[in-house]
Amino acid sequence: MIHVSLPDGREYRFTHAVFDYNGTLAEDGVVAAEIKELLKQVGAIVQVTVLTADTFGLVREQLGDVEGIQLHIIDKGREADQKRDFIRRCGPDNTICFGNGANDMAMFAEAALAVGVIGPEGAYRLTLEQADVVVTQPKAALQLLLTPGRLVATLRT
């Protein structure tokens with residue numbers, strides 16, 4: 001579990017971290033070795049799920065052997081609804097989610113905390129507006145979980 005306690009009394013207790021794949025963790029379907037290692041580290045602390053329609057068809061090849069993460073491939077079409085429903089099944093109050101696309105907006109609205117990731121593939125403006133935190137690379141997103149003080153620094157009022 002990752003516990004984040006803010007000076008104003010707000011607290012987060014994350015048992016689940018849910019990541020969109022393409023554009024959030026992967027660039028053109030490929031994940032850097034450093035990101036795989038960070039995912040493994042985060043997976044030792046909380047339940048990590050990579051949630052994707054697998055646009056490039058590479059997620060199993062790229063992440064199938066990364067210890068501590070679960071792959072959940074959703075059907076193409078109605079991705080936003082499927083992502084939202086997945087967050088509901090995880091328990092929204094205990095879930096932090098990460099994404100960059102229009103189909104991530106519904107899960108952003110559901111999760112306790114939403115992190116927008118602006119990578120080389122870009123990010124949907126309205127999704128970023130819905131994010132609680134925005135970072136500019138997948139490494140920074142994962143390090144928020146490994147160094148929760150960064151979330152405190154960003155979210156405190």
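Modeller: Let me begin with a single bridge, keeping in mind that this is a predicted model: Gly-99 has Gly-116 in β7 as its bridge partner.

Biologist: Which strands pair there, and in what sense?

Modeller: The strands are β6, residues 95-99, and β7, residues 113-117, and they pair in the parallel sense over 4 bridges. Helix α6, covering residues 138-146, packs on the sheet, where it touches β3 (16-20), β6, β7 and β8, and its direction makes about 135 degrees with that of β8.

Biologist: What is the strand order in the sheet?

Modeller: The open sheet is formed by 6 strands in the order β5-β4-β3-β6-β7-β8, with parallel pairing. The edges are taken by β5 (69-73) and β8 (133-135), and because each has a single partner strand, one side of each is left without a neighbour in the sheet. On average, and ignoring direction, neighbouring strands of this sheet are turned by 20 degrees against each other.

Biologist: And β4, how many of its residues are buried?

Modeller: Of the 6 residues in β4, 5 are buried, so the strand is mostly covered, taking buried as under 20% relative accessible area. With β3 it pairs in the parallel sense over 5 bridges, and Ala-17 stands opposite Val-48 in β4. The chain gets from β3 to β4 by way of α1, in a β-α-β crossover that is right-handed. The pairing of β4 and β5 is also in the parallel sense and over 5 bridges, with Leu-51 standing opposite His-72 in β5.

Biologist: You mentioned α1; which of its residues are buried?

Modeller: In α1, which spans residues 33-43, the residues Ile-35, Leu-38, Leu-39, Val-42 and Gly-43 are buried. They lie on the same side of the helix, because the arc they cover around the axis is only 140 degrees.

Biologist: What do those buried residues pack against?

Modeller: The buried residues of α1 pack against β3, β4 (47-52), α2 (59-63), β5 and α6.

Biologist: Changing topic, how many aromatic pairs are there?

Modeller: There are 2 aromatic pairs in the structure. In one of them, the ring centres of Tyr-12 and Phe-14 are 5.5 Å apart and the planes are at 15 degrees, so the pair is stacked. Tyr-12 counts as buried at 13% relative accessibility, and Phe-14 is buried as well, with a relative accessible area of 1%. Phe-19 and Phe-98 also form a stacked pair, at 4.3 Å centre to centre and with 10 degrees between the planes.

Biologist: Where do Phe-19 and Phe-98 sit in the chain, and are they buried or exposed?

Modeller: Phe-19 is in strand β3 and Phe-98 in strand β6, 79 residues apart, so that the pair links distant parts of the chain. Both Phe-19 and Phe-98 are buried.

Biologist: Last topic, backbone angles. Which values of phi are positive in a residue other than glycine?

Modeller: As background, most residues other than glycine have a negative phi. Among the exceptions here, Asp-54 has a positive phi of about 55 degrees, and for Arg-78 the value is near 60 degrees.

Biologist: Where do they lie, and is each buried or exposed?

Modeller: Asp-54 lies in the loop between β4 and α2, and at 8% relative accessibility Asp-54 counts as buried. Arg-78, by contrast, is in the loop between β5 and α3 (79-90), and Arg-78 is exposed, with a relative accessible area of 59%.

Note on methods: Residues numbered from 1 in each chain as written. Predicted model: local features only at pLDDT ≥ 70, side-chain atom pairs only at ≥ 80, totals over all residues. Heavy atoms only, no water. Pairing = 2+ DSSP bridges. Helix = DSSP H or I, 4+ residues; strand = E, 2+ residues; numbered from the N terminus. Axes fitted to C-alpha atoms, helices over the stretch in contact; angles between N-to-C directions. Contact = heavy atoms within 4.5 Å. Buried < 20%, exposed > 50% of the residue type's maximum accessible area, 1.4 Å probe, protein only. Arc of directions from axis to C-beta. Phe/Tyr/Trp six-rings, centres within 6.5 Å; stacked < 30°, edge-to-face > 60°. Right-handed = clockwise from strand over helix to strand, strands pointing away.
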